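I set down here what I looked up in one structure, entry by entry. The sequence and the model come before the notes.

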Amino acid sequence: MTHQDRIMQAQASVNKMAASMKCRFRQNYHFMAPAYWINDPNGCIYYNGKYHLYYQHHPYSAQWGCAHWGHAVSKDLVHWEHLPIALAPSEPYDDHPEGGVFSGSTLQKEDILYAFYTGTTNYGQGFVQTQCMAESHDGGLTFSKSPHNPLISVPPVGFSSDFRDPCVLEHSGHYYMVLGSSLGGGAWHGGDACALLYRSDDLTNWTYQGIFARSKGEYGTMWECLDLFQLDGKWVMTFSPMFGGQRKAVYWVGEMDFETPRFIKETEGELDWGMEWYAPQTLHDALGNTFQFAWQNAWDWMPWWKDFGPTGPQENWCGCMALPRKLSLNSRNQIISEPAPALQQLRSHPLTFSATCLSNNKQEIPVFDPISFELKLTVDLTRTSAKTLRLALRADEQRQTLVVLDLANQLLTFDRTNSDEYCQGQKSCRLLLQGPALVLHLFSDVCSIEIFTDNGLTCMSDLIYPTQPQQSIYLCADQGDAFVQVETWKMEGIW
Ligand code: FRU
């Protein structure tokens, strides 16, 4: 079958299922595929006046497999129009039920949009990952694969066969490709994660330049979905480490020396501390804004590994994108993430309220829609004596999801041990508490909670799957009182 036939077959499969979707947990204002599985954002680009989002997609099931690139566009980063699947496995180098067209990026040159991806296949002796290109002459709708594929057919000597996710950029008159791989042991056996640099002048012939960043274990064994970009005068690299422990999405800020090559790290941090936020990718629009997308899920939720996945086989979809974020640097060269301002157009039914939460008293919070809402909680730290402040979401007599602000120990905890019948775990991170007030900005959708706090320095994104009518939201101060102001909005749907 030709590439076009494979796309039509995949599209027919998605369309058929989309027409009969069950919707217990479908999100209200997060991006999802029309049906079935999605993971990483791919090829994000602002192109011809629109935001393009391609994404890893399995168009035949709600679990990962045979990767394609789905495609959607938006004029405002909020409302999305689904477009036909852009890339499908079709060639020996990218066609395998457990391989396919893996993650990558796009680059515009004149009127042509180039897509770079990792072809993953298996000829019988283990998986082989090679770097490939496809080009579109119709605004990013349809792509033809390069006759020169694979452009890079083996990793440099000594590197593991995990060799993927090309991020291609133009700088100082050259094209560069950034790839993740692993040295000494490989991704699954304790190797060192490495960022590799290639250079080209024609996008087809690529020359290996060297390793420009490396983990010695502290950042995992392999870096998935590396991104390299400029932000407010600095270079930034981001990656999702395999076997990175608590780390799901890391950033380094500094200088990039393309000649040596070497990334000179000045600061580092976590883009998100939650359990489900992975494989981020940025785009840069005509106004100079940098927006970042991420897959709001994690590999542990793959229905293969949890037969009872609340989405997945039961609902015929799995996975969504996190809310788009606007990035900037603060004066210490740390990344500040804020929800894309355009999301404010989804707000309706505003409610505000100020209160003194008395020690050990439940303070109900008025919200027009207890499931799809945005909430801004401002804690006046100058007058608050409470040691902790607990925000309970989706609560009823038996269950609740807790966001705990431990003011005494400067910790933020997301606790979903009692959220529903599926989720487990809690996660904590530092809360800096700089300034006279702490603002916690939270977005709730049918099955996700995203938190932005510490003036954009700290984010946390997690999934929850409440099934009962858990409608109550309240605050509780412990060992002291808390002075708070709360603003809430219903968030209107985008579908
Ligand atoms: C990250 C990742 C990428 C790979 C893709 C496959 O989530 O593992 O490294 O290209 O997913 O779908």
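**Entry 1**

I use buried for under 20% relative accessible area, exposed for over 50% and partly exposed for what lies in between, with a 1.4 Å probe and protein chains only. Thr458 belongs to strand S31. For elements I take DSSP runs numbered from the N terminus: helices are H or I with at least four residues, strands are E with at least two. The side chain of Thr458 makes a polar contact of 3.1 Å with the side chain of Asp454. A polar contact is a pair of N or O atoms within 3.5 Å; within protein, one must be able to donate a hydrogen and the other to accept it, and residues adjacent in sequence count only if both atoms are side-chain atoms.

**Entry 2: basis of the notes**

I am working from a predicted model, in which local features need pLDDT of at least 70 and side-chain atom pairs count only at pLDDT 80 or more, while totals for chains, interfaces and linings use all residues. Residues are numbered from 1 along each chain as its sequence is written, and side-chain values use heavy atoms, with hydrogens and water left out.

**Entry 3: the ligand**

Which residues are around the ligand? I listed Asn39, Asp40, Gln56, Trp64, Phe102, Ser103, Arg164, Asp165, Glu224, Tyr278 and Trp299. The criterion is a heavy atom of the residue within 4 Å of the molecule. Strands S1 (36-47), S5 (100-109) and S9 (164-171) each supply at least two residues of this shell.

By class, I noted four nonpolar, three polar and four charged residues in the shell. Here Ala, Val, Leu, Ile, Met, Phe, Trp, Tyr, Cys and Pro count as nonpolar, Asp, Glu, Lys and Arg as charged, and the others, Gly among them, as polar.

I then looked up distances to oxygen atoms of the ligand. A polar side-chain atom of Asp165 lies 2.6 Å from a ligand oxygen, one of Gln56 lies 2.7 Å from a ligand oxygen, and one of Trp64 lies 3.0 Å from a ligand oxygen. Taken alone, the ligand exposes 320 Å², and the protein buries 97% of that. These areas come from the Shrake-Rupley method with a 1.4 Å probe; for residues, only the protein chains shown count as cover.

The largest pocket is the space taken by the ligand. A pocket is an open set of points on a 1 Å grid over the protein atoms alone, with protein on both sides within 12 Å along at least five of seven lines. A molecule sits in a pocket if more than half of its atoms lie within 2 Å of its grid points.

**Entry 4: backbone geometry**

Most residues other than glycine have a negative phi, and most peptide bonds are trans. I therefore recorded the exceptions under this heading.

Tyr36 has a positive phi of about 70° although it is not a glycine. Tyr36 is in strand S1 and is buried, at 10% relative accessibility. Asn455, also not a glycine, has a positive phi near 55°. Asn455 is in the loop between strands S30 (448-453) and S31 (458-463), and is exposed, with a relative accessible area of 57%.

The peptide bond from Asn149 to Pro150 is cis, with omega near -15°; Pro150 is in the loop between strand S8 (144-145) and S9. The bond from Thr260 to Pro261 is cis, with omega near -10°. I placed Pro261 in the loop between strands S15 (250-257) and S16 (262-270).

**Entry 5: individual positions**

Is Ser172 buried or exposed? I found Ser172 exposed, with a relative accessible area of 59%. Ser172 lies in the loop between S9 and strand S10 (174-183), and a polar contact of 3.4 Å joins its side chain to that of His171.

Cys225 is in strand S13 (residues 222-231) and is buried, with a relative accessible area of 8%. Met32, in the loop between helix H1 (3-18) and S1, is buried at 2%. Gly274, in the loop between S16 and strand S17 (278-284), counts as buried at 0% relative accessibility. I noted 33 Å between the C-alpha atoms of Gly274 and Gly210.

Definitions and conventions: On a 1 Å grid over the protein atoms alone, a cavity is a set of points where a 1.4 Å probe fits but cannot get out, and a pocket is an open set with protein on both sides within 12 Å along at least five of seven lines; lining residues have an atom within 4 Å of a point.
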